Amino acid sequence: MSSDFYNLFILPHAPIIIKICRAYTNSQEDFEDYYQEVCLQIWHSRERFKEHSEWSTWVYRLSLNVCLTLLKKQKNNPQHFASDSLPPEASEDSKAFSDEDLNQLYIAIRQLKEIDRAVILLYLEERSYQEIAEVIGTNPNNIGVRIQRIKQRLKKLLHEKVY
């Protein structure tokens, strides 16, 4: 992968890729492996982008699919794959693993159903209900209802953790 491709097509979307990877991993090591695999798959799949959606939507969908695939592989065959070092910007952004409040939020998010995790991550990225619906494959009304339920579930999970 060229550094130009990374800087132009991946780096602007690194924050959402990082959030997705964090939501589906439990350790810094797994996070780094997932992040690298997502970047690699974006590189390998770039010619399949047909411009039916925004590049950012396509990157989100691909990132989500890669993370879900890796999660299933880990469940079926627990093993670790070696990782090279992450680019500094990804490493800096992932240091939130040391932020306790943020970690509690991600722990709660990880307890949600896989599709609910995707919805709340997009919501936290301030995506519109329409954009979220396009990524998830449903309608905006369904997203609105789902987000309210997810917020209630997260509030309950975080409240249980505090008390």
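This is a predicted model: local features need pLDDT of at least 70, side-chain atom pairs count only at pLDDT 80 or more; totals for chains, interfaces and linings use all residues.
**Helix α3.** I looked up its length. Helix α3 covers residues 28-45, 18 residues in total. From first C-alpha to last, α3 reaches 25 Å. That is close to the 26 Å expected at 1.5 Å a residue. Next I listed which residues of α3 are buried. They are D30, F31, E32, D33, Y34, Y35, V38, C39, I42 and S45.

**Helix α2.** Is helix α2 largely enclosed or open? I found 8 of its 10 residues buried, so α2 (residues 14-23) is largely enclosed by the rest of the structure. I noted the buried ones: A14, I16, I17, I18, I20, C21, R22 and A23.

**R22.** I then followed R22, one of the buried residues of α2. The charged end of R22 sits over the ring of Y106. I read 3.9 Å from that end to the ring centre.

**Aromatic pairs.** How many aromatic pairs are there? I count 7. I picked out F5 and W43, an edge-to-face pair. Their centres are 5.2 Å apart, with 75° between the planes. F5 lies in helix α1 (residues 3-10) and W43 in helix α3, so this pair ties together parts that are 38 residues apart in sequence.

**Around F5.** I checked the exposure of F5. Its relative accessible area is 9%, so F5 counts as buried. Which residues share an aromatic cluster with F5? I found F9, W43, F49, W55 and W58. I also looked for a charge over the ring of F5. The charged end of R46 sits there, 5.8 Å from the ring centre.

Technical notes
Residues are numbered from 1 along each chain as its sequence is written. Side-chain values use heavy atoms; hydrogens and water are left out. Helices (H or I, at least four residues) and strands (E, at least two) are DSSP runs, numbered from the N terminus. The expected span of a helix is 1.5 Å times one less than its number of residues. Buried means under 20% relative accessible area, exposed over 50%, partly exposed in between (1.4 Å probe, protein chains only). Rings of Phe, Tyr and Trp (its six-membered ring) pair if their centres lie within 6.5 Å; planes under 30 degrees apart count as stacked, over 60 as edge-to-face and the rest as tilted. A charge sits over a ring if NZ of Lys or CZ of Arg is within 6 Å of the ring centre and within 35 degrees of the ring normal.
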